[in-house]
Amino acid sequence: MTLVRPLIEIRQLTKIFGNRSQQALQLLNEGASKEQVRQQTGCIVGVNTVDLEINQGELFVIMGLSGSGKSTLLRCLNRLIEPTYGSVQIGHYEVTNLSKPELLRFRQKKVAMVFQKFALFPNRTVLENVAFGLEIQNIEKMERQRIAREKLSLVGLDRWADDYPQNLSGGMQQRVGLARALATNADILLMDEAFSALDPLTRADMQKELLNLQSTLHKTIIFITHDVNEALRLGDRIGVMRDGELVQIGTPEAIVNSPVDDYVASFVRNVGASYAWKG
Ligand SMILES: Nc1ncnc2c1ncn2[C@@H]1O[C@H](COP(=O)(O)OP(=O)(O)OP(=O)(O)O)[C@@H](O)[C@H]1O
Ligand SMILES: [Mg+2]
């Protein structure tokens, strides 16, 4: 039997916002709550001592109320936010120790982000938007257009290559965002509320599309949502956050059937018993 290491290993990851972060860290070690830390130091605990392993090819969903630390955790993974304490290991990258140039390279090659507000360039065509990540890697024009067209066709938008984002619906713009993330060939996708700005029908379409793509591409995806139905539909496993802490990690079935506390239970209360599990 070969022992396969998880692709992403997060150890003791902690992010504290504010000037007295070392004192805040000390208080957390002594068991203080996020609110106690705020009262005694003025610091805000974004992420509190998170341990998490994510496997290659897994679609891992992070769920939790607003302010629970989902985005902060995600952004610590590529150091868009600098962690205060702890480590992140991704493949053979010890992310928390990378120098500035190494970090830039890591961000260009290894991880891609998809945002809630699409973040497309309005004065670039759809094709140029998709090719953007390749442009900054200095890949030559013909090659990046070829790759961009291939990814556009994956998300069903080949016919829109020469249009501008403003002419596309929200759902289509988010497909462009997805194609752009796929274009760099990064094997990790970080998706922060990627579908939350879409109307319910378009959102359901995009969920289906993502699962469809994932069944052939086998990316490692971390997907943030505060919609329990979206979490259950997409997640191989789900991590539930509260006040910066990861309070439960489990399969959709485990989260629904065995919530560890009232907080987790409150998310799944309205999920029907006849919920159809994927797979
Ligand atoms: N730059 C910052 N400075 C100070 N506090 C911050 C900063 N960014 C986030 N926080 C705080 O960290 C905590 C976690 O915020 P975060 O944005 O990660 O939550 P979230 O779960 O993504 O919420 P939402 O669902 O609203 O996006 C919150 O208490 C927030 O107020
Ligand atoms: Mg957020």
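Analyst: A helix here is a DSSP run of H or I covering at least four residues, and helices are numbered from the N terminus. This model is predicted. With that in hand, take Ser 21, which is found in helix H1 (residues 21–29).

User: Is Ser 21 buried or exposed?

Analyst: Start with the cut-off: buried means under 20% relative accessible area. Ser 21 has 16%, so Ser 21 is buried.

User: What is Ser 21 in contact with, leaving aside its neighbours within four places in sequence?

Analyst: Three residues: Ile 16, Cys 43 and Thr 84.

User: Now a whole helix. How many of the residues of helix H5 are buried?

Analyst: The general idea comes first. An α-helix has 3.6 residues a turn, so residues three or four places apart point the same way. In this structure, H5 spans residues 126–135 and is mostly covered, with seven of its 10 residues buried. These are Val 126, Leu 127, Asn 129, Val 130, Ala 131, Gly 133 and Leu 134.

User: What covers the buried residues of H5?

Analyst: The cover includes helix H6 (141–154) and helix H7.

User: Next, the core. Which residues touch the most other members of the largest nonpolar core?

Analyst: In soluble globular proteins, nonpolar side chains tend to be buried together. Here the largest nonpolar core has 50 residues, and Met 191, Leu 210 and Phe 223 touch the most other members. Helix H7 (residues 170–183) supplies the largest share, seven residues.

User: Which residues does Leu 210 touch, not counting those up to four places away in sequence?

Analyst: Leu 59, Leu 178, Met 191, Phe 195, Ile 221, Phe 223 and Leu 234. There is also a second, separate core of 30 residues, with Leu 52, Leu 73, Leu 98 and Ile 188 among them.

User: Last, the ligand. Which residues come nearest to ligand 1?

Analyst: Look at the shell, then at single atom pairs. The shell has 14 residues, and Ser 66, Gly 67, Lys 70, Ser 71 and Thr 72 come nearest. By class, three are nonpolar, eight polar and three charged.

User: Where do N or O atoms of the protein meet oxygen atoms of ligand 1?

Analyst: The side chain of Ser 66 has an N or O atom 2.5 Å from a ligand oxygen. For the side chain of Lys 70, the distance is 2.8 Å. Ser 68 uses a backbone N or O atom, 3.3 Å from a ligand oxygen.

User: How much of ligand 1 does the protein bury?

Analyst: Taken alone, ligand 1 exposes 630 Å², and the protein buries 62% of that. Strand S2 (44–54) and helix H3 (70–77) each give two or more residues to the shell. H3 gives the most, three residues.

How values were computed
Residues numbered from 1 in each chain as written. Chains lettered and ligands numbered in written order. Predicted model: local features only at pLDDT ≥ 70, side-chain atom pairs only at ≥ 80, totals over all residues. Heavy atoms only, no water. Near = heavy atom within 4 Å. Polar contact = N/O pair within 3.5 Å; in protein donor to acceptor, adjacent residues only side chain to side chain. Areas by Shrake-Rupley, 256 points an atom, 1.4 Å probe, with all protein chains shown as cover. Nonpolar A, V, L, I, M, F, W, Y, C, P; charged D, E, K, R; others polar. Core = buried A, V, L, I, M, F, W, Y, C linked by side-chain atoms within 4.5 Å. Buried < 20%, exposed > 50% of the residue type's maximum accessible area, 1.4 Å probe, protein only. Contact = heavy atoms within 4.5 Å.
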